[in-house]
Amino acid sequence: MLHGGTWHPTPSLVRAALGSSALALTAVVMGRPDLLVLAAPLLVHAVAAVVRRATTVPRSGDAVLGTDHVREGEGTTVRVRLDRADDVEHAVLALTPHRHLVARPAPGMTDGTLAADADRLELAVPVASLRWGRRPVGDGLVAATSPWAGYLWGPLPVAPQHLTTLPQPGRFDSRAASPHPIGLVGQHPARRRGDGSEFESIRPFQPGDRLRRVQWRVSLRTGRLHATSTVAEEDASVLLLVDSGVEVGVSGGVTGAASTLDVAVRAAGAVAEHYLVRGDRVGLRVLGSTGRTAVHTAAGRRHLRRLLDTLARVVPGESRDVDPARMRFQVPAGSIVLVFSPMLSQVAVAATTTLAARGLDVVVVDCLPADVAMEDDQRLALAWRMRLLEREALLGRLRRSGTPVVAWRGPGTLDEVLRRLGRRGTRATAGRS
């Protein structure tokens with residue numbers, strides 16, 4: 001969309017014209033030729049500005065972003081172009097400051113001059129986003145002046161664009177296998193025998209066994225042909241639940257302190273990236289956000305981008321449309337459910353207990369940082385201590401009911417929990433058999 005305007009005299013032109021006229025009139029009336037010397041520069045400036053008066057009205061477009069998707073800490077460039085800028089000598093762009101956005105230079109202002117034999121001028125300001133989310137970028141004012149700063153065009157508003165900031169690639173790695181892989185092809189050892197790389201046992205040779213599985217040393221020692229038995233490898237299904245209904249702490253962006261929602265969003269993005277890169281299937285459900293709250297379970301790089309985009313659109317603290325009694329979860333069989341929450345909202349507690357009651361493997365990832373900064377008010381501090389005691393009692397009940405609770409600490413957070421769930425599942429299967 002193009003925006004036009006009109007040229008109007010600048011204050012400097014008005015001052016030059018009025019000043020030179022007043023000095024010349026005073027010189028004639030009072031017989032002071034020295035005042036004509038003082039009026040001459042002002043008169044030259046006024047005459048030159050009027051002679052070079054702008055006739056072509058520029059046109060400015062909306063702000064244009066170099067890219068509309070970045071990661072936390074990464075940047076892009078906001079560009080505003082002036083067309084039909086034949087009579088423009090100097091232009092200025094000033095961006096509106098927004099939280100978690102930094103510009104270079106810091107005030108978010110830049111200027112430019114028209115090159116010779118050009119009719120188009122482009123103003124560019126580099127900006128960086130310090131926190132995940134979707135926020136407006138590029139709104140501000142643009143103005144231009146004619147030669148000799150005689151006439152001013154604008155300032156006119158610039159329509160913003162929306163920049164989506166994906167969570168920073170988290171540091172997460174897990175060497176533990178999924179406790180219940182039930183897919184077709186993957187990297188997790190299954191409970192059934194098959195053509196995989198995980199050793200199970202050495203058994204007598206059976207029809208259909210491959211020759212490369214034959215254990216010649218055992219066969220020669222026993223006098224009977226033996227082969228190696230392996231465990232099949234399958235892909236796993238993971239459901240991520242992110243609690244956005246309660247945010248504790250003040251976010252300082254990617255370089256500052258982290259709130260509970262910062263930890264939850266970044267941890268969920270890191271876990272999703274880890275499993276999807278390995279070929280597993282991952283789904284997402286946001287508890288509390290009133291926008292898009294669910295992403296179906298799927299696999300692939302494109303699905304990872306869809307998950308991260310959904311996490312970037314989470315609205316902190318919105319929970320008015322969530323009714324714990326009406327929550328419905330479509331969880332594939334054999335899935336493991338990871339709940340990223342500080343466990344301070346009834347919605348997260350209800351979702352966790354509902355899924356655990358269905359017999360699913362549910363793991364609560366505690367996203368409450370140890371160094372959450374609270375206000376100095378003694379009453380608020382006392383209320384927060386009481387709330388923490390209630391939270392500890394709730395987490396204790398979850399642990400006693402068989403739902404693991406682990407604090408997020410990056411790589412290796414889920415290793416021990418997944419191993420325990422795998423051993424529990426193996427014992428249950430052996431008991432039924």
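Start by selecting Val 282 in this predicted model. Setting aside neighbours within four places in sequence, Val 282 is in contact with Val 238, Leu 240, Ala 272, Tyr 275, Leu 276, His 296, Thr 297, Ala 298, His 303 and Leu 307.

Now widen the selection to the nonpolar core around it. Val 282 belongs to the largest nonpolar core, which has 38 residues. Together with Leu 240, Leu 284, Leu 338, Phe 340, Val 363 and Leu 414, Val 282 touches the most other members. To see where this core comes from, colour the elements that give it two or more residues: strands S16 (237-243), S17 (281-287), S19 (336-341) and S20 (361-366), along with helices H4 (260-277), H5 (301-312) and H8 (415-432). Which element gives the largest share? That is H4, with 11 residues. There is also a second, separate core of 31 residues; to find it, pick Ala 46, Ala 63, Ala 85 and Ala 144, which are among its members.

Stay with helix H4 and show the side chain of Arg 266. Arg 266 forms a salt bridge with Glu 72, and the closest N and O atoms are 2.8 Å apart. Glu 72 sits in the loop between strand S4 (69-71) and strand S5 (75-83), so the pair links distant parts of the chain, 194 residues apart. Are the two partners buried or exposed? Glu 72 is buried because its relative accessible area is 5%, and Arg 266 is buried too, at 15%.

Next, select Arg 81, Asp 83 and Arg 120, which are linked in a network of salt bridges. Between Asp 83 and Arg 81, the closest N and O atoms are 3.2 Å apart. Asp 83 counts as buried at 16% relative accessibility, while Arg 81 is partly exposed at 38%.

For another pair, go to Arg 391 and Glu 392, whose salt bridge has its closest N and O atoms 3.4 Å apart. Arg 391 is buried at 3% relative accessibility, whereas Glu 392 is partly exposed at 45%. A search of the whole structure finds 12 salt bridges.

Now move to strand S8 (residues 109-113) and show its side chains.

Finish on the surface with Leu 25, Val 28, Val 29 and Met 30, a nonpolar patch with about 460 Å² of accessible area together. Met 30 lies in helix H1 (residues 11-30) and counts as exposed, at 54% relative accessibility.

How values were computed:
Residues are numbered from 1 along each chain as its sequence is written. This is a predicted model: local features need pLDDT of at least 70, side-chain atom pairs count only at pLDDT 80 or more; totals for chains, interfaces and linings use all residues. Side-chain values use heavy atoms; hydrogens and water are left out. Patches are made of residues with over 30% relative accessible area and no salt bridge: like charges are joined within 9 Å, nonpolar side chains (Val, Leu, Ile, Met, Phe, Trp, Tyr) within 5 Å. Accessible areas come from the Shrake-Rupley method with a 1.4 Å probe; for residues, only the protein chains shown count as cover. A salt bridge is a side-chain nitrogen of Lys or Arg within 4 Å of a carboxyl oxygen of Asp or Glu. Helices (H or I, at least four residues) and strands (E, at least two) are DSSP runs, numbered from the N terminus. Buried means under 20% relative accessible area, exposed over 50%, partly exposed in between (1.4 Å probe, protein chains only). A nonpolar core is a set of buried Ala, Val, Leu, Ile, Met, Phe, Trp, Tyr and Cys residues joined through side-chain atoms within 4.5 Å. Contact means heavy atoms within 4.5 Å.
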